[in-house]
Amino acid sequence: MTAAAALSPQRRADVLDALRRGTVPRNGLDLLAVGLERFDVALDAELANVKRGGTGFKAVRGEYGSGKTFFGRWLLEKARRMGFATSEVQVSETETPLHQLGTVYRRLVERLATEDTPSGAFRAVVDGWFFTLEQDVLAAGGVDEADTAALVEKTTALMETRLAEISRRAPAFGAVLRAYRRAQGEANASIADGLIAWLSGQPNVAAEVKRYALVKGEVDHFAAMGFLKGLLVMLRDSGFAGLVLSLDEVETLQRVRSDVRDKGLNALRQLIDEVDAGVFPGLYIVMTGTPAFYEGPLGATRLPPLAQRLHVDFSTDPRFDNPRAVQLRLAGFSRALLTEVGCKVRDIYRDGASAPERIAAVTDELVERLAAGVTGELGGKIGVAPRVFLKKLVAELLDRVDQFPDFDPTRDYTLTVTETELTRQERSARAARDPDEIELEV
């Protein structure tokens, strides 16, 4: 049985639906990965070190279409299989500015995932942590499981011990956890829900909820890092290997006001320094950005200490890039790799199709011709072709072959690429037919 055939129907549907929409799937990426094998050994070693209580940081660079988001999600999926919790935060000019660490923490918690809980895993982690504390108390002896009051008292005392260091930096973290446990004991669901929301960094939590826990305001820039450390303690106590966080599209920092950009760069430098200093045991961070961010005048070079921490010499042959270095270079797609991915997607589709023999009409040669056609429509720039290519392969070829017995892809299909279906970068890459079609950055 092939790996594609072993996919569950739900995972297969998730992968194909994402490609049909022109987005990167969130699961099953190991089935689509090509050209990433050279990073496996180094990344596995780094994650193993984090699992032992260490920390790690990796910067990834690549042009648009080189697979940066894919790489991040591929690494997160690998990490979940190794027992890590994961989260993906897309840096945004408006929704997730990097210098507002309170907002970054909120997005991190919103997208917290584990192997068993694909999203929104924070409350499950909190409840699982309290359960683990109770089991530790019972294992130590001296408390009868039926004595609820004594069990709660001992568990609370153990919680205080585990969070002693966190409470010095962010006392509200422990205070809200104590209040949450009390609310659960009182069967006060609305208060318990509100406390989890506040602990998650959500704004606009009712004043009644905050009075219950004797806290004020929201999780701000200064408290966020203490709360992150508290989350790492809960994960470690609950048996998780740690947390792998992906910061995607950090190049958006280049598009904001200069003062906001400088704050974001400094926040990134501070985060890297604290990870390097071991402040967050069990945390591994991967960030992705374009070469312009790492080397251009509006990116990391604006803050020399940050540029120094991220610097890697990429003037040598890419074949000898060091996967252990702080920064990795994604070479992007070749025509052969693009075709290989297309054939993998075809096989995933075929192994779940109602009439797999019809999918055989989409041959390797036809996949290669489609890859060549899409690349040609995009000015010959293979790096920007994968999204459009895979979308057309699934939605315009495989879906039609699967649904219509008389559809012959060599006879009934003609590739068309319109401006409206392309992103700005894809339109810019497309071969201009006259001067009016050339997009200029202003």
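## Starting with exposure

A residue is called buried when its relative accessible area is under 20%, exposed when it is over 50%, and partly exposed in between. That cut-off is a handy way into this structure, which is a predicted model. Take Phe 131, which sits in helix H5. Its relative accessible area is 49%, so Phe 131 is partly exposed. Val 209 lies 78 residues away from Phe 131 along the chain, and the two C-alpha atoms are separated by 23 Å.

Helix H5 also holds Val 137. Is Val 137 buried or exposed? With a relative accessible area of 9%, Val 137 is buried. Setting aside residues up to four places away in sequence, Val 137 touches Val 143, Leu 151, Lys 154, Thr 155 and Leu 158. Val 152 is 15 residues from Val 137 in sequence, with a C-alpha to C-alpha distance of 9.6 Å.

## The parallel sheet

Let's turn to the strands. Five of them form an open sheet in the order E2-E3-E4-E1-E5, with parallel pairing. Strand E2 (85–90) and strand E5 (327–329) are the edge strands, each pairing on one side only. From one strand to the next, the twist averages 20 degrees. As background, strands of a sheet pair through backbone hydrogen bonds, either parallel or antiparallel.

Walking across the sheet from E2, six bridges join E2 to E3, and Glu 88 has Ser 246 in E3 as its bridge partner. E3 is then joined to E4 by five bridges, with Leu 243 partnered by Leu 283 in E4. Six bridges join E1 to E4, while E1 (residues 56–61) and E5 pair over three bridges. Arg 61 takes part on both sides: Gly 289 in E4 stands opposite Arg 61, and in E5 the bridge partner of Arg 61 is Arg 329.

## How the strands are covered

How many residues of E4 are buried? Seven of its seven residues are. Both faces of E4 are covered, with Leu 283, Ile 285, Met 287 and Gly 289 buried on one side and Tyr 284, Val 286 and Thr 288 buried on the other. Strand E2 is mostly covered too, with five of its six residues buried.

Helix H3 (residues 68–81) lies across E1, E2, strand E3 (243–248), strand E4 (283–289) and E5, running at about 165 degrees to E2. Helix H4 (residues 101–110) lies across E2 and E3, and runs at about 130 degrees to E2.

In soluble globular proteins, nonpolar side chains tend to be buried together. Here, the largest nonpolar core has 76 residues, of which Phe 122, Leu 177, Leu 195, Leu 243, Leu 247 and Met 287 touch the most other members. Helix H11 (residues 221–237) gives the most to this core, contributing ten residues.

Leaving aside neighbours within four places in sequence, Leu 247 is in contact with Val 89, Val 104, Leu 268, Leu 271, Ile 285, Val 286, Met 287 and Thr 288.

## Where H5 meets H8

Helix H5 (residues 122–140) packs against helix H8 (residues 171–185) at an angle of about 80 degrees, with the axes 12 Å apart. Angles of 65 to 115 degrees count as roughly perpendicular, so that is how H5 and H8 stand to each other.

Which residues make this contact? From H5 come Arg 123, Val 126, Asp 127, Trp 129, Phe 130 and Glu 134, and they meet Leu 177, Tyr 180, Arg 181 and Gln 184 of H8. By type, the contact has five nonpolar, one polar and four charged residues.

## Two loop residues with positive phi

Asn 204, in the loop between helix H9 (189–199) and helix H10 (207–213), has phi near 60 degrees, a positive value in a residue other than glycine. Asn 204 counts as exposed because its relative accessibility is 74%.

Leu 214 is in the loop between H10 and H11, and its phi is near 60 degrees, again positive in a residue other than glycine. With a relative accessible area of 77%, Leu 214 is exposed.

Definitions and conventions. Residues numbered from 1 in each chain as written. Predicted model: local features only at pLDDT ≥ 70, side-chain atom pairs only at ≥ 80, totals over all residues. Heavy atoms only, no water. Axes fitted to C-alpha atoms, helices over the stretch in contact; angles between N-to-C directions. Helix = DSSP H or I, 4+ residues; strand = E, 2+ residues; numbered from the N terminus. Parallel < 35°, antiparallel > 145°, perpendicular 65-115°, else oblique. Contact = heavy atoms within 4.5 Å. Nonpolar A, V, L, I, M, F, W, Y, C, P; charged D, E, K, R; others polar. Pairing = 2+ DSSP bridges. Buried < 20%, exposed > 50% of the residue type's maximum accessible area, 1.4 Å probe, protein only. Core = buried A, V, L, I, M, F, W, Y, C linked by side-chain atoms within 4.5 Å.
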